[in-house]
Amino acid sequence: MEKSKKSFSSGFDSVTGRIRRFCADTAAELGRCSWPTKQQLMESTLLVVVTMVILACFVAGVDEIARLLIRLVTVRG
């Protein structure tokens with residue numbers, strides 16, 4: 001019985017040790033990353049927002065054209 005407790009405990013220590021090592025490795029890796037400046041972040045954010053607005057307008061235009069074409073084909077005059 002004592003042996004099973006020891007193997008369970010060592011398995012637990014192994015899991016917690018791996019979790020701690022993962023967290024430490026992750027923190028070290030994040031320290032080596034090059035982070036953007038505030039200016040770069042603002043420019044990238046603006047670029048994404050403008051691109052999304054353009055894409056939304058394009059999709060809305062294609063949707064409207066498709067709606068009109070479907071209406072022309074399906075409406076019996």
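Student: Is arginine 21 buried or exposed?

Tutor: Happy to start there! This is a predicted model, in which local features need pLDDT of at least 70 and side-chain atom pairs count only at pLDDT 80 or more, while totals for chains, interfaces and linings use all residues. Residues are numbered from 1 along each chain as its sequence is written, and side-chain values use heavy atoms, with hydrogens and water left out. Buried means under 20% relative accessible area, exposed over 50%, and partly exposed in between (1.4 Å probe, protein chains only). Because its relative accessible area is 59%, arginine 21 is exposed.

Student: Which residue does arginine 21 meet in a salt bridge?

Tutor: A salt bridge here is a side-chain nitrogen of Lys or Arg within 4 Å of a carboxyl oxygen of Asp or Glu. At 3.7 Å, N to O, it is aspartate 25.

Student: What is the N to O distance in the salt bridge of glutamate 29 and arginine 32?

Tutor: These two also lie in helix H1, three residues apart, about one turn of the helix. Glutamate 29 counts as partly exposed at 42% relative accessibility, and arginine 32 as exposed at 61%. Their side chains meet with an N to O distance of 2.6 Å.

Student: Which residue forms a salt bridge with arginine 67?

Tutor: Look in helix H2 (residues 38–74), where the two partners are separated by about one helical turn because they are three residues apart. Arginine 67 counts as partly exposed at 37% relative accessibility. Its closest N and O atoms to the partner are 2.4 Å apart, and that partner is glutamate 64.

Student: How many salt bridges does a search of the whole structure find?

Tutor: Side chains of opposite charge can pair when their charged atoms come close. Searching the whole structure for such pairs gives a count of three.

Student: How many disulfides are found?

Tutor: A disulfide is a covalent bond between the sulfur atoms of two cysteines; the test applied is a pair of cysteine sulfur atoms within 2.5 Å. Cysteine 23 is partly exposed at 47% relative accessible area, and cysteine 33 is partly exposed at 35%. Across the whole structure, the number of disulfides found is zero.

Student: What is the area of the nonpolar surface patch that includes leucine 55?

Tutor: Leucine 55 sits in helix H2 and counts as partly exposed at 43% relative accessibility. Patches use residues with over 30% relative accessible area and no salt bridge: like charges are joined within 9 Å, nonpolar side chains (Val, Leu, Ile, Met, Phe, Trp, Tyr) within 5 Å. Areas come from the Shrake-Rupley method with a 1.4 Å probe; for residues, only the protein chains shown count as cover. Val48, Met52, Leu55, Phe58, Val59 and Val62 make a patch of about 580 Å².

Student: What share of the residues count as buried?

Tutor: The secondary structure comes to two helices and zero strands (strands being DSSP E runs of at least two). The protein exposes about 7,500 Å², with carbon and sulfur atoms supplying 70% of it. Of the 77 residues, the share that count as buried is 0%.

Notes: Helix = DSSP H or I, 4+ residues; strand = E, 2+ residues; numbered from the N terminus.
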